[in-house]
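Dear colleague,

Please find below the structure that I am handing over to you. My notes on what was found in it follow directly after.

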Amino acid sequence: MSKFAVDHVKRVHSVVHDRIGADCIGAGNRITRSWIRCLNEYQLNPDSCAEPEVVAPIELQERQERLADVQAVAKVEMTNLYQQLAGSGYAIMLTDREGVLLNYFGDPAFTHAASKTGLMQGAVWSERVQGTNGMGTCLVERRPLTVHQDEHYLSRNIGLSCAAAPIFDHEGELVGVLDASGESRLAQQHTLALVSMSVQMIENRVFLHQFRHDYILRFHNRPEFVGTLSEGAIALSITGTVLAASRAALSLLGYTRPEEIVGRDVCELFNITFPGLVDSSTRRAFHPVPIFEVRSNARFFAVVYQPVAHSNARRPQRGAALPTPAETSALDALHLGDPAMRANVDTARRVMERNVSIVLLGETGSGKERFARAMHLSSSRASRPFIAINCASIPESLIESELFGYRPGAFTGASKEGQRGKLLQANGGTLFLDEIGDMPVALQARLLRVLEEREVVPLGGETPVKLDIRLISATHCDLLQKIESGAFREDLYYRLQGVTFTMPPLRDRQDRCALIRQLALEESDAGCPVELDDKLLAVLDRQHWPGNLRQLRHLLRTMIALRATDRLTLEDLPPEYRHGLVEAGAAAITPAAGSASAGAAVSAVLPAPAPGNKPGAGLNPFECAEREVLLQELKRHQWNLSGVARELNISRNTLYRKLQRLNIEHPDKSLFH
Ligand SMILES: Nc1ncnc2c1ncn2[C@@H]1O[C@H](COP(=O)(O)OP(=O)(O)OP(=O)(O)O)[C@@H](O)[C@H]1O
């Protein structure tokens with residue numbers, strides 16, 4: 001061990017055990033706290049030479065898919081940040097909330113050295129694995145911080161300087177970390193400020209994007225700051241109910257948690273009615289109008305933006321009542337001429353106000369959640385909350401407390417304030433249970449009881465609370481098959497199954513071209529619509545779209561983010577999409593010379609389309625390798641999907657999607673749905 005490393009290890013021990021020298025690490029308590037965790041809790045050796053931990057490519061891809069929305073925006077911001085820091089030996093990285101490095105933009109001078117410490121895609125930078133470090137410690141502390149030189153816990157990392165800031169979603173959930181790391185001798189003072197600004201930009205853009213189908217109130221206490229990085233944004237339903245608020249909005253209004261304002265009417269927050277607000281915003285041609293906060297009477301300036309997809313939609317009228325079934329624009333917007341979707345919308349209108357449970361079936365990305373939201377918005381519950389919960393993405397151990405909530409101190413580790421479960425949050429509104437087929441069997445019994453008794457008792461509580469919810473469940477798997485295998489309760493199935501809707505896959509929709517155009521419009525920035533060239537439209541129309549509308553949306557989003565002009569052509573299309581078409585026997589498409597780069601750049605961040613009838617055709621080399629591995633695993637487990645999912649540590653649900661994406665079918669086709 002070098003003298004330097006020996007001194008570092010000694011210092012860690014003396015700081016942790018005796019707090020001697022805690023002040024001289026000069027980073028306040030957060031570094032001391034982290035060192036204590038590393039030594040006592042994770043029992044890490046500060047001089048560890050263990051190989052960096054790196055997740056398997058298949059898991060990395062899965063984690064990237066989970067954060068696809070944030071990633072699409074983050075990539076643009078990461079490139080900007082990289083350019084701002086260019087030449088200073090920095091790498092810009094994005095991790096998920098478990099500290100797995102999803103994206104890496106590195107200065108070539110730094111990349112080689114960095115990979116030795118594990119700064120590379122797929123590496124795990126949680127504090128538990130890498131000790132005190134920018135990304136991992138930021139995930140624990142949940143605030144921006146710098147970890148410089150020998151503030152790192154592991155002596156092998158002390159050549160680094162890392163500036164990291166946490167990324168939160170609109171529900172205040174930590175989703176990942178953006179980090180700029182470089183050699184400590186080249187560290188720059190202002191890096192943390194730049195990283196924090198990029199994160200704010202990412203959060204704002206993700207928020208504006210996610211709620212572009214709703215009204216968005218953008219405000220600040222100075223008119224010139226409306227529309228800038230520091231503005232607050234609040235998403236509002238058509239009746240003026242707060243659907244979500246950005247972090248900046250909460251902080252400008254003096255709230256700490258979104259629950260404090262979500263579900264309230266905008267006139268409870270500001271001294272103005274919602275129709276009045278929309279009216280004055282439009283009359284002032286979207287120049288900020290003064291509004292006053294109810295509690296403090298503080299003055300703010302605001303602009304209300306109309307929902308993107310409904311720019312011609314009716315405006316809320318003074319004293320407007322809740323929408324009636326006749327005014328179901330959110331539902332109507334779901335079909336642009338497809339007969340199957342039109343039939344769905346017609347039936348939805350008929351059952352909307354009835355007390356029947358709804359089940360939505362359809363392939364992944366075919367619009368089940370969108371349909372559920374539209375039903376909610378078109379019903380008399382529109383002003384009440386719409387709460388969605390994905391039974392497949394929450395760890396089994398957390399579903400119960402997520403759904404039912406818990407009283408303060410109900411179990412070890414429970415928060416002091418307790419938690420209102422999703423069932424109660426949805427009270428008066430709609431609860432959307434996505435991937436219901438993945439709900440653990442033990443919980444199915446509890447859910448059934450709640451649905452029958454129409455009341456809920458939070459964990460650790462005694463008094464039941466009355467429940468009035470419209471339940472919409474969704475799944476892309478065959479529930480009857482699950483019942484047969486004992487994975488789904490038959491009684492719950494019949495309780496859920498009031499009316500069933502099936503979302504058609506995109507490849508079967510007759511309104512595909514109109515949908516593609518609409519999505520391109522929705523993905524365009526406000527006031528700057530991107531057009532699609534006819535040839536490109538024809539190619540998009542003929543794709544197989546295994547990921548349905550989600551895949552289409554991500555493709556358009558990325559093409560739009562990387563476009564050179566506001567008219568997208570075949571040159572903007574990733575090569576594998578062109579390739580897929582040629583394979584399918586359509587007219588050959590030869591992009592102009594030098595055009596591959598834009599499309600190739602897009603292809604680097606997108607899943608490939610399905611390969612038609614040829615099993616492995618149209619897949620990129622990485623996917624072919626993934627397909628091979630998966631086929632071997634399937635054979636090894638004699639096509640027992642649960643066994644394979646367990647082996648790969650992924651949900652059955654994710655496995656199904658992979659099989660679909662990689663075009664893997666059971667040798668006996670009838671055994672796969
Ligand atoms: N009618 C539509 N018009 C435009 N975009 C749509 C439409 N329906 C769905 N989308 C978009 O497609 C994507 C996937 O939709 P959604 O989440 O509703 O699908 P899903 O079937 O619930 O997916 P999963 O099974 O994976 O949960 C979203 O980005 C959504 O905005």
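In these notes, Ala, Val, Leu, Ile, Met, Phe, Trp, Tyr, Cys and Pro count as nonpolar, Asp, Glu, Lys and Arg as charged, and the others, Gly among them, as polar. On that basis, the shell around the ligand consists of four nonpolar, six polar and six charged residues. Please bear in mind that this is a predicted model.

The ligand has 16 residues around it, of which Gly 367, Lys 368, Glu 369, Arg 370 and Leu 549 come nearest. Two or more residues of this shell are given by each of the elements α14 (368-377) and α22 (548-561). Because domain 3 (327-502) and domain 4 (506-588) both contribute residues to the shell, the ligand lies between them.

Helix α8 covers residues 191-210, 20 residues in total, and its span from first to last C-alpha is 28 Å, close to the 28 Å expected at 1.5 Å a residue. Its buried residues are Thr 191, Val 195, Ser 198, Val 199, Ile 202, Glu 203, Asn 204, Val 206 and Phe 207. Among the elements that cover these buried residues of α8 are α4 (68-84), β4 (160-168), β5 (174-183), β7 (232-236) and α9 (247-253).

Two loop residues also deserve mention. Arg 142, in the loop between α7 (134-141) and β3 (145-148), is not a glycine, yet its phi is positive, near 55°. Arg 142 counts as exposed because 12 other C-beta atoms lie within 10 Å, and the cut-off is 12 or fewer. Gln 149, in the loop between β3 and β4, has a positive phi of about 45° although it is not a glycine. With 15 other C-beta atoms within 10 Å, Gln 149 is partly exposed.

Yours sincerely

Key
Residues are numbered from 1 along each chain as its sequence is written. This is a predicted model: local features need pLDDT of at least 70, side-chain atom pairs count only at pLDDT 80 or more; totals for chains, interfaces and linings use all residues. A residue is near a molecule or strand if its C-beta atom, placed from the backbone, lies within 6 Å of it. Helices (H or I, at least four residues) and strands (E, at least two) are DSSP runs, numbered from the N terminus. Domain bounds come from an automatic or database domain assignment. The expected span of a helix is 1.5 Å times one less than its number of residues. A residue is buried if 20 or more other C-beta atoms lie within 10 Å of its own, exposed if 12 or fewer, and partly exposed in between; C-beta atoms are placed from the backbone. Two residues are in contact if their C-beta atoms, placed from the backbone, lie within 7 Å.
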